[in-house]
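Subject: The structure to look at

Hi,

Here is the structure I promised to pass on. Have a look at it first, then read my notes below.

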Amino acid sequence: MIVRRTAGWLDERFGTNAFVHAALKKIYPDHWSFYLGEFALYFFIVLVGTGIWLTFAFDASSQNAYASVLALADRQHPIGYVIRQIHHWAAVCFVAAILVHMARIFFTGAFRKPRELNWMIGLTMLTLASFTGFTGYSLPNDGLSGTGLRIAYSVALSIPLIGRWAAGVFVGGDDFPTPLLTTHLYTLHVYLLPVAIGALLGLHLFLVIYQKHTQFVPDPQQVVGRRFWPDYALRTLAALGATLAVLTLLATFFEINPVANYGAYRPWIVMNGAVPDWYAAFLEGALRLGPATEFRIAGHPIPPVFWPGLVLPTLTFLFLLLWPFIEARLTGDRAAHDVLQGASQVPLRAGVGAALIFDGVLLTLAAGDDQTAATLHVSLDTLVWTYRILLFAGPLITGVLVARIAAEMRARMSGRAAAPPDVVLLVRNDHGGYDEEEPQAG
């Protein structure tokens, strides 16, 4: 009765009934891969909720940041401990969910016209989510995060002409660290970056609804899916419940970022075996593999960290950002598409995606090259040069192999693959045995 009267009151003033009826009847995709984006949304919601709680317990001053996080990490206060754990695990899973979701979009061609803008929005959100995770990871001002901030400060200093100014704005002064550093990180982590992600997320969802969802069914005139109510609503609520359950289990049984083990940050101490969270590890790996050679451009010195720390990720981001237009130009396909493709249907795309994944995994492994060398009892110098060679040769070989395999799979699925000349066909006869037949050409 209350719900009916409330709905009637709103409809009399805003005419909401027609909109609600249309929203409840809207068709949403039924394929499991579309839920990857929903998991990312739910991780973000958990991040916002737990983050609001943590703002009341965290002291953003450089003098008290570590102590306030240490108090949360104390298991004698289980609520604060679990909420901090959930928040950090949600951040790690949030970036992972976006990355897997973007991979699905890439390999199925969901970024093609008219959805290029939504691909660019999603890639920007992935980048902002990584920055948000890094700023949150750095807020405790412990030994591990302080080492990462020192590296980030050095990369900012390497920017030609404006490096010292950019680094000074980032840390709040000419020296590292400064009393304003954690305050700046807090402002970025709590205000600017989450608001930017939220705005892009809202625009992303609006475009998904406005442009309609893509599907695997080959007939674009036949929209396949489930109505929002009750089928899709119940499924998405189950996805939300699964998200909360997994995060709670991870937070309860698997400790993440135990700051008490690292101690407060002291600039003259560098943590042995210090590596960042996985989503920033590829940058650490790139810095470790980059050549220790200083170049000069127009007489201006360019520090070695500039190329792997800024140029490499920037070029990668721009390449992926423009990939919808690059692929359209290479393939000559500029038509609008609502039907998705299998990963093997476009060998070029499959090869490029496999090459990027290879380099991403390699750079992530390179972030722990010292620990790997010690574990495998090999020379660190030998391992670094192996990684450097694989960084260029590996994606080329992987991309070509995957493209060739995809092309053969596409040919076989379309029935156009020719049988090799030395292959015979076995056909069951009427007596239960087999007869050999020569393959027919064509």
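To get you started: in which helix is Phe-170 found? Phe-170 sits in helix H8 (residues 163-171); helices (H or I, at least four residues) and strands (E, at least two) are DSSP runs, numbered from the N terminus.

Before going on, a word on the source. This is a predicted model, so local features need pLDDT of at least 70, side-chain atom pairs count only at pLDDT 80 or more, and totals for chains, interfaces and linings use all residues. Residues are numbered from 1 along each chain as its sequence is written, and side-chain values use heavy atoms, with hydrogens and water left out.

pLDDT is the predictor's confidence in each residue, from 0 to 100. The protein averages 88, and 93% of the residues score at least 70.

Beyond its neighbours within four places in sequence, Phe-170 is in contact (heavy atoms within 4.5 Å) with Leu-149, Leu-181, His-184 and Leu-185.

Next, helix H10 (residues 228-253). Its 26 residues should span 38 Å at 1.5 Å a residue, and the end C-alpha atoms are 35 Å apart, which agrees; the expected span is 1.5 Å times one less than the number of residues. Buried residues of H10 include Tyr-232, Thr-236 and Leu-247. The buried residues of H10 pack against strand E1 (27-28), helix H3 (35-55), helix H5 (78-108) and strand E2 (226-227).

I also went through the salt bridges (a side-chain nitrogen of Lys or Arg within 4 Å of a carboxyl oxygen of Asp or Glu). The whole structure has 7 of them. One joins Arg-349 and Glu-327 at 2.8 Å, N to O. That pair links distant parts of the chain, with Arg-349 in helix H14 and Glu-327 in helix H13 (residues 323-331), 22 residues apart. Arg-349 is buried, at 1% relative accessible area, and Glu-327 is buried too, at 5%.

Another salt bridge pairs Arg-412 with Glu-408, with the closest N and O atoms 3.2 Å apart. These two are 4 residues apart in helix H16, so about one helical turn separates them. Arg-412 is exposed at 54%, while Glu-408 is partly exposed at 45%.

Cheers

Key: Buried < 20%, exposed > 50% of the residue type's maximum accessible area, 1.4 Å probe, protein only.
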